[in-house]
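Hi,

Here is the structure I promised to pass on. My notes on it follow below.

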Amino acid sequence: VLWLVASATFAPGKYFTKTGTISIFSSTSLEDIAATNKSTAAVLDTRTGDLQFATLIKGFEFKKALMQEHFNDSYLESKKFPRAEFKGQITNNSEINYAVPGTYKAKVKGKITIHGVTRDLETNGTVTVRDGKIVLASVFEVAVADYKIQIEKLYRDNIAKTIRVTVDCTLAPL
């Protein structure tokens, strides 16, 4: 019985979701562009801090159908590059007590792949432990040019050079 209590207290293991949310936002003087994807898969190993995200590009939903069409066909080329992925680690994982409810600062480092281009990514976020689940949240910027995304000259003033990415995923034990 003591072993069972001890293992429950340390809460080691893998956590998973396939309904995580990633939102993107671009703001210019001409237009704001926003889209949300609510079908992002994420896995966290609380023992090592290893972290992975994968999302289908076609899963991003825009308010305007034409924006969604341009995003998938012209810019992100979702038929050729169907997914965006992140593989990395919470580098300060030892500072996060997954057995104690609360919100912890997280430093994340890894590789992000968008539009077939893989780049290093370092960002900050939070890990919130509550009700037996883990909520991962982060906001960071990606430069469109870094991922070889070509914007037609006609629309260059409508789309910001950097896009804000917001991650919000609630993971349950695997």
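Is D45 buried or exposed? D45 is buried, at a relative accessible area of 12%. Buried here means under 20% relative accessible area, exposed means over 50%, and partly exposed is in between (1.4 Å probe, protein chains only).

Some ground rules before the rest. This is a predicted model, so to speak of local features I need pLDDT of at least 70, and side-chain atom pairs count only at pLDDT 80 or more, while totals for chains, interfaces and linings use all residues. Residues are numbered from 1 along each chain as its sequence is written, and side-chain values use heavy atoms, with hydrogens and water left out.

**Confidence**

pLDDT is the predictor's confidence in each residue, from 0 to 100. The protein averages 91, and 93% of the residues score at least 70. Residues 1–11 stay under 50, and for that stretch the model has 6 contacts beyond four places in sequence. A contact is a pair of heavy atoms within 4.5 Å.

**Salt bridges**

Back to D45: its side chain meets that of R47 in a salt bridge, at 3.3 Å from N to O. The term covers a side-chain nitrogen of Lys or Arg within 4 Å of a carboxyl oxygen of Asp or Glu. While D45 is buried, R47 is exposed at 54%.

Searching the whole structure gives 5 salt bridges. Another one of them joins K64 and E31, at 3.4 Å from N to O. K64 sits in the loop between β4 and α2, and E31 in the loop between β1 (14–27) and β2, so this pair ties together parts 33 residues apart in sequence. K64 is partly exposed, with a relative accessible area of 47%. Helices (H or I, at least four residues) and strands (E, at least two) are DSSP runs, numbered from the N terminus.

D120 and K111 make a salt bridge too, at 2.5 Å from N to O. D120 is exposed at 59%, and K111 is partly exposed at 44%. As background, side chains of opposite charge can pair when their charged atoms come close.

**Core**

Which residues have the most contacts inside the largest nonpolar core? They are I90 and V127, in a core of 44 residues. Such a core is a set of buried Ala, Val, Leu, Ile, Met, Phe, Trp, Tyr and Cys residues joined through side-chain atoms within 4.5 Å.

V108 is in strand β6 (residues 102–114) and counts as buried at 14% relative accessibility. Beyond four places in sequence, V108 touches L51, F86, Q89, I90, L121, E122 and T123.

**Aromatic pairs**

Rings of Phe, Tyr and Trp (its six-membered ring) pair if their centres lie within 6.5 Å; planes under 30 degrees apart count as stacked, over 60 as edge-to-face and the rest as tilted. That rule gives 3 aromatic pairs. F53 and F86 form a tilted one, 6.3 Å centre to centre with 55° between the planes. This pair links distant parts of the chain, with F53 in strand β3 (residues 50–56) and F86 in strand β5 (residues 83–90). F53 is buried at 12%, and F86 is buried at 6%.

F60 and F71 pair edge-to-face, at 5.7 Å and 70°. Both are buried, and together with F62 they form one aromatic cluster.

**Two asparagines**

N37, in strand β2 (residues 32–45), is buried with a relative accessible area of 0%. Its side chain reaches the backbone oxygen of L56 at 2.8 Å. Beyond four places in sequence, N37 touches residues including G20, I22, L56 and F60.

N92 is in the loop between β5 and β6 and is buried at 6%. Its contacts beyond four places in sequence are K105, A106 and K107.

Cheers

Definitions and conventions: Polar contact = N/O pair within 3.5 Å; in protein donor to acceptor, adjacent residues only side chain to side chain.
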